Amino acid sequence: MARAQSPRRRMLTTIAAWSVALIIFFPVLWMILTSFKTESSAVASPPVLLAADWTLQNYVDVWARSDYPRFFWNSVVIAVGSTLVGLAIAIPAAWAMAFVPGKRTKDLLMWMLSTKMMPAVAVMIPLYLLFQQMGLIDTKTGLVVALMLMNLPIIVWMLYTYFKEIPGEILEAARMDGAGLWNEIVHVLTPMALPGIASTMLLNIILAWNEAFWTIVLTTTKAAPLSAFIASFSAPQGLFYAKLSAASAMAILPILILGWFSQKQLVRGLTFGAVK
Amino acid sequence: MATQSSRVASRLMVAPSVILLFIWMAVPLALTLYYSFRFYRLLSPERSGWVGLTNYRWFLNSPDFWLALFNTLALVLGVLIITVVLGILIALLIDQPVRGQGVLRILVIAPFFVMPPVAASIWENLFMHPQNGLFAAIARGFGAQPILFLEQYPLASIIGIVSWQWLPFATLILLTAMQSLSSEQLEAAEMDGASALNRFRYIIMPHLTRAITVVILIQTIFLLGIFGEIYTTTQGGPGSASTTLPYMIFKQAIAAKDIGRAAAGGIIAVILANIVAYFLMRGIGRHLDT
């Protein structure tokens, strides 16, 4: 709803909007700045900005800690792995619901959404014990399974809203032209479905990367991803602020970048297609 | 175009998702229900047996339970009110013709991508810390005593942290909804002499109803399970001042190692979540695109 406005008013709204945006972003910015300070500059009082001793040492130190790269790698494997497995299971389901909807399809979708409302703590103990019996505690496999199931309803829903927009007539036209099932899938459907699958994948990687309940409950050290590592990192009296900030910055950076690229799809994905 | 065979095929395609989700929910839930009627403490494994409703009675009679229930509702409602109200205001502001809108959106959305433990740790250490935090430095600059955020106002502090995380979500969705509003309608209203307040009340707000209900639905789902932020900052304390229902159950299971009581708490949480879900789905479910 862009409307013509006086330059003066335009300048005022620009200043106001930028101030608000900078306030919201400031904590992230301050963390990134702190990550480049020495430990003593990081806790200096009053806080220093320009006079700080800037350094890259924190990043070097954190990465050189033998376990940090492992936490990072665990995050990558768990986020990407759970997403890919989830897609493999959800694509056929969403496909069938979008193209061959039955009387119960709507109820089924609502039921799936309602499982997300189940408090995770309510099923925490049995799942922990089941995982223990199957030897899945503190393994990447266990977390891939847990996060895949946790996000499965969201994956199905998102894919469903995307697939539903593919017109069924196109399939019929392809069939009329004598395309076999294989050609139908490879040449007609896949190209139309790919954008939806890609944005579902992005959003789900973000959700899995940031998950901080099952990762804390189901891991101890070996398979712990970054979210569990940072949650257990306590800074005794500000001794490691700069290093904590560097570790945090590296933990959020990949997702920040992914997220910025996918912000348009994010609205649609997170609202299950209700807001586009 | 659905033939008999395609119906069968579609059932087979849907089946894995439904079966897996059912197992993921139903098996643990049945076990939780079973444990909730049992004496089951990890520290005294030699004792076991049926105890009827004892675990439930303990939970419902515990003063901590009512505090946890209050804290959970305060957290969900507090964050919902803050994010929806500020979200509408910020979306209205950004929706104006503003220079550099693209970069602006990127800055505003950023907190949403920050994982809960990092968000909590930024606020706890870099801002709210009574010695080294930025807020303490500002307070000292004015010659005032630093506020002990997480010690004196733990729940309010956590509401603040969680609101910061979810404000971008609300803003982004409301902004998207606002941008689909036709400018002609607003211009026509302006020409007819409708004041800015009336334009907001009679044109913009009705247009946003659907987006607001969706924001409330999605946020409630995630806010009911808030965990990482509390675990990283206050661990539910001091005392039980910032313990929510999920966190209380977590403490019973992990710290007190009383599986029976924790399971009873879990069942109570499921019942409460179902009550909330029922009203949400009735009120809001019809806005979803099925």
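Me: Among contacts in chain A between residues at least 6 apart in sequence, what share join residues at least 24 apart?
Reply: That share is 78%. Two residues are in contact if their C-beta atoms, placed from the backbone, lie within 7 Å. This is a predicted model: local features need pLDDT of at least 70, side-chain atom pairs count only at pLDDT 80 or more, and totals for chains, interfaces and linings use all residues. Residues are numbered from 1 along each chain as its sequence is written, with chains lettered from A and ligands numbered from 1 in the order in which they are written.

Me: How many helices and strands does chain A have?
Reply: Chain A has 13 helices and zero strands. Both are DSSP runs, numbered from the N terminus: helices are H or I, at least four residues, and strands are E, at least two.

Me: Which residues of helix 5 of chain A are called buried?
Reply: In helix 5 (residues 105-115), they are A:L109, A:M112 and A:L113. A buried residue has 20 or more other C-beta atoms within 10 Å of its own, with C-beta atoms placed from the backbone.

Me: Why do the buried residues of helix 5 of chain A line one face of the helix?
Reply: Seen down the axis, they fall within an arc of 100 degrees, so they line one face. The arc is that of the directions from the helix axis to the C-beta atoms.

Me: What covers the buried residues of helix 5 of chain A?
Reply: The cover includes helix 4 (68-99) and helix 7 (140-163) of chain A, together with helix 1 of chain B.

Me: How many residues does each chain bring to the contact?
Reply: Chain B brings 94 residues and chain A brings 86. Helix 1 (residues 4-36) of chain B gives the most to its chain's side, with 17 residues.

Technical notes. Buried ≥ 20, exposed ≤ 12 C-beta atoms within 10 Å, placed from the backbone.
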